[in-house]
Structure formats: C-alpha cells, structure tokens
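Here is a short briefing on one protein model. Please keep the sequence and the coordinates open while reading.

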Amino acid sequence: MRVLLIHAYLGRFEEDGLLYPIAIVNLGTVLQQKGYEVRCLDPNINNGGYDVIAETLREFKPDIVGISQRNVDTTQIRDPWIYLKTLQPTVNIIRQIRPDSTIIVGGAAFSLFGEKIVQRTPGINFGVYQEAEESLPELLENLHQPEKVKGVIIRHEDNTVTFTGHRE
C-alpha cells in the first residue's frame with residue numbers, strides 16, 4: 001500500500017518561517033518499518049504549493065493520503081493568516097486526481113478541532129487525534145472496521161462524524 005504524507009500547505013511562501021516537517025518524517029519512518037511504501041511531501045518548500053501536490057499525486061499514485069495540519073493560523077495580530085483555509089483545496093485536488101484514495105488528516109491543529117474540521121471539510125475520510133504513531137498504523141490495518149481503533153475521527157457514509165475515544 002502506498003502512503004503519501006503531506007505537511008499541510010500554508011498558502012504562502014515564508015522563506016524564514018519554514019519548519020522541518022518532523023511529524024510526517026517520524027510517522028513515515030514508522031509506516032515504512034511496517035512495510036508501507038511511503039513518500040513525504042512538504043509543498044511549502046520553494047513555494048511548490050498545489051502544483052507540487054498534484055504532480056506528486058499523479059506520479060506516486062498513493063492509496064492513502066495523510067495531511068498533517070500543524071497550525072490553524074499565525075496567532076499574530078500583525079500578520080494574520082489562516083492556514084486552515086488551504087485544507088479544502090488540498091482535499092479537492094486529491095479527490096480530483098486520486099478519487100478512490102483514503103484521506104486522513106492529523107496534526108497539532110487538527111487535534112484541537114478535529115471533529116469540526118472533518119465536519120466542515122468534505123472529502124476527508126478519517127482524522128487521527130493526537131499522536132499518530134500508534135493510531136495510524138492500526139487504522140490502516142482496520143480501514144474496514146475503523147471503529148475498532150481508538151483516537152480516530154470517522155466520517156460515515158451518511159456524513160455523520162464520530163470519535164472512537166481516547167487512546168490510553
């Protein structure tokens with residue numbers, strides 16, 4: 001199974017503000033050790049944006065796409081910017097190019113507002129609450145029975161959203 005892990009696109013180029021996407025790199029390592037073919041992508045490097053996401057989707061052809069939503073906004077009054085506004089366009093691109101892929105969102109910002117983000121972002125299949133190193137591999141092994149996995153937010157076929165509960 002091919003898994004593409006994307007550090008969420010920020011929507012603007014911040015030459016001095018780029019951060020190493022350590023979360024997806026750590027998670028990618030865990031998934032590779034479990035036998036998954038993994039690629040990590042940071043579309044913020046060199047302002048690649050949506051084009052590099054689309055190009056990677058076409059070339060890699062992932063079955064699973066994970067998006068790490070690290071921040072909701074800048075939290076700065078002098079530089080207000082909402083990072084969350086790029087999530088739906090990213091999901092739309094994934095759905096256009098890889099319509100049958102499973103989309104899973106996680107990350108620090110997602111864990112703050114996970115259920116609301118899934119409710120308001122059509123196209124997301126699952127969300128991973130808090131640390132994904134255990135929840136995501138377990139979810140990938142149980143995609144047909146995700147309710148068995150703690151720490152997962154599920155969008156059901158009728159568009160209702162449920163949370164499976166906290167992990168120990």
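The model is predicted. An open sheet of 7 strands runs in the order β2-β1-β3-β4-β5-β6-β7, and its pairing is mixed. Helix α2 packs on this sheet. The buried residues of α4 pack against β4, β5, β6 and β7, among others.

**Sheet**

- β2 (37-41) and β7 (161-163) are the edge strands. Each has a single partner strand, so one side of each lacks a neighbour in the sheet.
- From one strand to the next, the twist averages 20°.
- β1 (residues 2-7) pairs with β3 (residues 64-68) in the parallel sense, over 5 bridges.
- Within that pairing, L5 has G66 in β3 as its bridge partner.

**Helix α2**

- Helix α2 covers residues 49-60 and touches β1, β2 and β3. Its direction makes about 165° with that of β2.
- α2 has 12 residues. From first C-alpha to last it reaches 17 Å, close to the 16 Å expected at 1.5 Å a residue.
- Which residues of α2 are buried? They are G49, I53, A54, T56, L57 and F60.
- Seen down the axis of α2, these buried residues fall within an arc of 165°, so they line one face of the helix.
- Exposed residues D51, E55 and R58 sit on the face turned away from the buried side of α2.
- The cover over the buried residues of α2 includes β1, β2, β3 and α3.
- K61 follows α2 and has a positive phi, near 55°.

**Helix α3**

- In α3 (residues 87-97), the buried residues are L87, T90, V91, I93 and I94.
- α2, β3, β4 (102-106) and α4 (108-120) are included in what covers the buried residues of α3.

**Helix α4**

- α4 has 13 residues and spans 17 Å from its first C-alpha to its last. That is close to the 18 Å expected at 1.5 Å a residue.
- Where is the kink in α4 centred? It is centred on G114, with an angle of about 90°.
- G114 is also one of the buried residues of α4.
- The buried residues of α4 pack against α3, β4, β5 (126-128), β6 (152-155) and β7.

**Two single residues**

- V25 lies in helix α1 (residues 22-33).
- Its relative accessible area is 27%, so V25 counts as partly exposed. The buried class lies under 20% and the exposed class over 50%.
- V25 and H7 are 18 residues apart in sequence. In space they are 9.5 Å apart, C-alpha to C-alpha.
- S135 belongs to helix α5 (residues 132-141).
- Is S135 buried or exposed? With 0% relative accessibility, S135 counts as buried.
- Neighbours within four places in sequence aside, S135 is in contact with V128, V149, K150, G151 and R167.

Methods
Residues numbered from 1 in each chain as written. Predicted model: local features only at pLDDT ≥ 70, side-chain atom pairs only at ≥ 80, totals over all residues. Heavy atoms only, no water. Pairing = 2+ DSSP bridges. Helix = DSSP H or I, 4+ residues; strand = E, 2+ residues; numbered from the N terminus. Axes fitted to C-alpha atoms, helices over the stretch in contact; angles between N-to-C directions. Contact = heavy atoms within 4.5 Å. Buried < 20%, exposed > 50% of the residue type's maximum accessible area, 1.4 Å probe, protein only. Expected span 1.5 Å × (residues − 1). Bend = angle between axes of the 7 residues up to and from the residue. Arc of directions from axis to C-beta.
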